[in-house]
Amino acid sequence: MQVTPDWLARLPKTELHLHIEGTLEPELMFALARRNGVALPYPSVEAARAAYDFSALQSFLDLYYAGASVLLTEQDFYDLTAAYLLRCRADRVVHTEIFFDPQTHTARGVPYATVLSGIRRALADAQAQFGISSKLILCFLRHLSEQDGFATLREAEPYLDLIDGVGLDSSEVGHPPEKFFRLFARCKALGLPRVAHAGEEGPPEYVWQALDLLDVCRIDHGVRALEDPALVAELIRRQIPLTVCPLSNVKLKVFERLADHNLRALLEAGLVATINSDDPAYFGGYVGENWRACTEALALSRAELTQLAINGFRGSWLSRPEQERWIAEIEAMTA
Ligand code: HPA
Ligand code: ZN
C-alpha cells in the first residue's frame with residue numbers, strides 16, 4: 001500500500017533520543033537572552049541559524065553549549081520544554097523520552113532542582129493537556145571527568161524518583177564508555193536504567209563497551225554498529241534498540257546525504273532501529289520531518305515505516321500493556 005502524507009502524519013510515534021537543550025530555537029534563545037540580560041554571540045536570529053553549519057559533532061556541541069547559556073530560571077526550562085511538546089503534538093509523537101544535561105547548567109550556577117522542576121512541570125502539563133506521556137533521562141557529559149559525573153549524581157540523589165534513567169552524551173571520540181564504568185555501576189545499584197550514545201562518530205568498540213561495561217538497555221545512534229557483524233548479532237540477540245537520528249547524522253556529516261543513510265540496512269539486518277530528532281532546533285527538523293525526509297530519500301515502504309513505529313514503542317520504557325495499546329493502533333492503520 002502507498003504511503004500518503006496523511007497516513008504518515010496520523011501514525012502514532014515515539015521519540016527516544018531528544019536533548020531538550022537541542023530544542024532551543026533561535027527565536028526563544030533571543031527572547032530568553034533579553035529576559036535574562038544574557039549576551040549572545042549572534043547579532044540576530046537569522047545570524048544564529050546561518051551559523052548552524054557543522055563539520056562534525058564537536059562544531060555543533062560548541063554552539064549547543066553556548067546557546068544553553070540563556071537558560072537560567074525554572075520558567076526558562078518550562079518554556080523550552082513546553083515549546084518542544086507542542087511540536088510533539090503536531091507530529092503525533094504520543095510518547096517522548098527526553099535527555100537533559102544538568103552539568104551544562106550547574107556549572108553556570110543554575111541549581112539542579114531548578115532545571116528538573118521546570119522540565120517536569122512542562123511534562124506534567126503535556127500529559128494532562130495533550131495526553132503525551134514521557135520519561136526523563138539525566139545525561140552525563142562524557143568530555144568531563146567521571147568524578148564530575150559522581151558529583152552530579154550526588155546532587156540528583158534527593159530527587160531520584162523524578163528521573164527515569166541515565167545516559168551519556170557529548171564529545172564521543174576520545175571519551176569511551178569505559179571511562180564511566182564505576183559511575184554507571186553506581187547508577188545500576190541505584191536501580192536506574194541506563195542508555196549511552198555510542199557508534200555515532202565512535203567505533204563499534206564503543207558500542208561493545210556500552211553494552212558490556214555500562215550494561216545499557218539502548219544504544220543512542222549506533223549507526224556504526226553495522227561495521228561489526230558480531231556486534232550486530234549481539235544487538236539482535238539482546239534486542240537492544242538503536243535510537244537513530246537521520247537528519248542529525250547528515251548535519252554532523254556522519255552520512256553525506258540522507259539517501260546514503262544506513263537506516264534501511266539496519267532494519268534489514270534485523271536491528272531494532274527507531275527514528276528520532278536529537279537536537280531539532282540545530283539540525284533542521286523535529287520527529288515528523290525526520291519521518292517525512294527518510295520516507296522520501298530512502299523510499300521507505302509502509303511495512304518499513306510500520307516496523308519503525310512499532311520499534312519505537314517496543315524500545316520505549318512504557319509498560320508492556322501501554323506498548324501493546326499503541327502497537328494495536330498502528331496495526332489497525334496498516335490492516
Ligand atoms: N551526540 C552527542 N552528544 C550530544 C548530541 C549528539 O548528537 N546532542 C547533544 N549532545
Ligand atoms: Zn544525541
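This is a predicted model: local features need pLDDT of at least 70, side-chain atom pairs count only at pLDDT 80 or more; totals for chains, interfaces and linings use all residues.
Visitor: Which residues are the protein donors of the zinc ion (ligand 2)?

Guide: The donor atoms lie 2.0 to 2.2 Å from the zinc ion (ligand 2).

Visitor: What is the geometry of the site of the zinc ion (ligand 2)?

Guide: For tetrahedral donors the ideal angle is 109.5 degrees. Four donors count as tetrahedral if all angles lie between 85 and 135 degrees. Here the angles among the four donor atoms run from 83 to 173°, and the site is irregular.

Visitor: How many residues apart in sequence are the parts that His19 and His197 tie together?

Guide: The donor residues follow the spacing H-x1-H-x177-H-x80-D. His19 belongs to strand S1 (residues 13-19) and His197 to strand S5 (residues 195-198), so the pair joins parts of the chain whose separation in sequence is 178 residues.

Visitor: What is the orientation of helix H8 relative to H9?

Guide: Helix H8 (residues 146-156) and helix H9 (residues 181-189) pack with their axes 9 Å apart, at an angle of about 20°. Angles under 35 degrees count as roughly parallel. H8 and H9 are therefore roughly parallel.

Visitor: How many nonpolar residues are in the contact of H8 with H9?

Guide: From H8 the contact takes in Glu146, Gly149, Phe150 and Leu153, and from H9 it takes in Phe181, Arg182, Leu183, Arg186 and Cys187. By class, one of these residues is polar and three are charged, while the nonpolar ones number five.

Visitor: Is Glu146 buried or exposed?

Guide: Glu146 lies in helix H8. Beyond its neighbours within four places in sequence, Glu146 is in contact with Lys179, Phe180, Phe181, Arg182 and Leu183. Its relative accessible area is 8%, so Glu146 is buried.

Visitor: Which elements do the buried residues of H10 pack against?

Guide: The buried residues in H10 are Pro204, Tyr206, Val207, Gln209, Ala210 and Leu211. Their packing partners are S5, S6 and helix H11 (229-237).

Visitor: What is the relative accessible area of Cys217?

Guide: Cys217 sits in the loop between helix H10 (204-212) and strand S6 (218-221). Leaving aside neighbours within four places in sequence, Cys217 contacts Arg194, Val195, Ile240, Pro241 and Trp317. Cys217 is partly exposed, with a relative accessible area of 29%.

Visitor: What is the relative accessible area of His105?

Guide: His105 is part of helix H6 (residues 102-106). Setting aside neighbours within four places in sequence, His105 is in contact with Glu21, Ala68, Leu71, Phe77, Val110 and Val115. His105 is buried, and its relative accessible area is 0%.

Visitor: Which residues does His175 touch, not counting residues up to four places away in sequence?

Guide: His175 is in the loop between S4 and H9. With a relative accessibility of 18%, His175 counts as buried. The residues it touches are Arg142, His143 and Tyr206.

Visitor: What is the phi of Ser170?

Guide: Ser170 lies in the loop between strand S4 (165-169) and H9. Ser170 is buried, with a relative accessible area of 6%. Although Ser170 is a residue other than glycine, its phi is positive, near 85°.

Visitor: What is the phi of Lys253?

Guide: Lys253 is in the loop between helix H12 (246-251) and helix H13 (263-269). Lys253 is not a glycine, yet its phi is positive, at about 65°.

How values were computed. Residues are numbered from 1 along each chain as its sequence is written. Chains are lettered from A and ligands numbered from 1 in the order in which they are written. Side-chain values use heavy atoms; hydrogens and water are left out. Donors are N, O and S atoms within 2.8 Å of the metal (3.2 Å for Na, K and Ca); water is not among the atoms, so sites may look incomplete. Four donors count as tetrahedral if all angles lie between 85 and 135 degrees; four count as square planar and six as octahedral if opposite donors are over 155 degrees apart and all others between 65 and 115; anything else is irregular. Helices (H or I, at least four residues) and strands (E, at least two) are DSSP runs, numbered from the N terminus. Axes are lines fitted to C-alpha atoms, for helices over the stretch in contact, and angles run from 0 to 180 degrees between N-to-C directions. Angles under 35 degrees count as roughly parallel, over 145 as roughly antiparallel, 65 to 115 as roughly perpendicular and the rest as oblique. Contact means heavy atoms within 4.5 Å. Ala, Val, Leu, Ile, Met, Phe, Trp, Tyr, Cys and Pro count as nonpolar, Asp, Glu, Lys and Arg as charged, and the others, Gly among them, as polar. Buried means under 20% relative accessible area, exposed over 50%, partly exposed in between (1.4 Å probe, protein chains only).
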